[in-house]
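We will take in the whole fold before stopping at a few residues.

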Amino acid sequence: GSLREPSGLIYMEAKRPHKTITLVNNYHGRPFNSPNDVVTHSDGSVWFTDPIYGYEQGFRPKPQLPQHVYRFDPSTGDIRVVADGFGRPNGICFSPNEETCYITDTDVIHGDGTKVHSRAATVYAYSVYWTDDQPYLTNRRVFAYADTGAPDGIKCDVYGNVYAGCGDGINVWNSGGMLVGKILIEGGCANFCFGRNGEMWCCGEHKLWRVKLGDETKGGLLGI
């Protein structure tokens, strides 16, 4: 989005000419802030975070909504708030069995560049509970706190380990929230994705890094 154009979920076809379709850009008439991270559930719904970084960085207008996490169902057009209470909601992913949703809060770093270390740099875990054939999030708890920078993008592998891009690279926790390792990357890592057979592509502020893990370590979303 921009100061004049709304931000939202945009679908782009993989093949040329790469046609784009706006799926949703408002919550019942009120424009989103700056949709940040997105994950697709196996039921076809799209879950995304909406912090105010765009406003703080000067390319989005004054917010008209709180900093929510949303679920959008393309089959029905239904848009719902599924979580709130964040300083700056950022990364989002599901565990491999989709029973847990992980959401990062990067409130420690605001869009104007200010850092206050007493603010959240936290990964929260939620239980995904179903009723009337609809999911919602419950049992919010602290899963982990990043010791360096803030946990930005977040993913799970097929074993349920949780990876988050932090100020020193990618931090890795097991499903119980214990830090089991770090992939140290100069300048840190904002976001990343799993490739094939243990490959990871990691975005720093000015560099793209390739990391190779064991072939058996695969992303939980696609399992490739």
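Start with the whole chain and its contacts (heavy atoms within 4.5 Å). Among contacts in the protein with a separation of 6 or more, 43% are between residues 24 or more positions apart.

A quick note before you click: this is a predicted model, where local features need pLDDT of at least 70, side-chain atom pairs count only at pLDDT 80 or more, and totals for chains, interfaces and linings use all residues. Residues are numbered from 1 along each chain as its sequence is written, and side-chain values use heavy atoms, with hydrogens and water left out.

**Stop 1: the whole protein**

Now turn the model: the C-alpha trace spans about 45 × 45 × 40 Å along its principal axes.

How many of the 224 residues count as buried? The share is 46%, where buried means under 20% relative accessible area, exposed over 50%, and partly exposed in between (1.4 Å probe, protein chains only).

**Stop 2**

Select residues 122–131, strand S11, and then residues 134–145, strand S12. These strands run antiparallel and are joined by 9 bridges; two strands pair if DSSP finds at least two bridges between them. Pick Val128 and look across to S12, where Leu137 stands opposite. In a regular strand the side chains alternate between the two faces of the sheet.

**Stop 3: the loop between S1 and S2**

Find strand S1 (9–12) and strand S2 (20–24), then select Pro17 in the loop between them. What kind of peptide bond joins Arg16 and Pro17? The bond is cis, with omega about 15 degrees.

Stay in this loop for His18. Although His18 is not a glycine, it has a positive phi of about 60 degrees. Most residues other than glycine have a negative phi, and most peptide bonds are trans. Show the surface as well: His18 is partly exposed, with a relative accessible area of 34%.

**Stop 4: the loop between S9 and S10**

Last, go to the loop between strand S9 (89–94) and strand S10 (100–105) and select Glu98. Glu98, also not a glycine, has a positive phi of about 60 degrees.

Terms used:
Helices (H or I, at least four residues) and strands (E, at least two) are DSSP runs, numbered from the N terminus.
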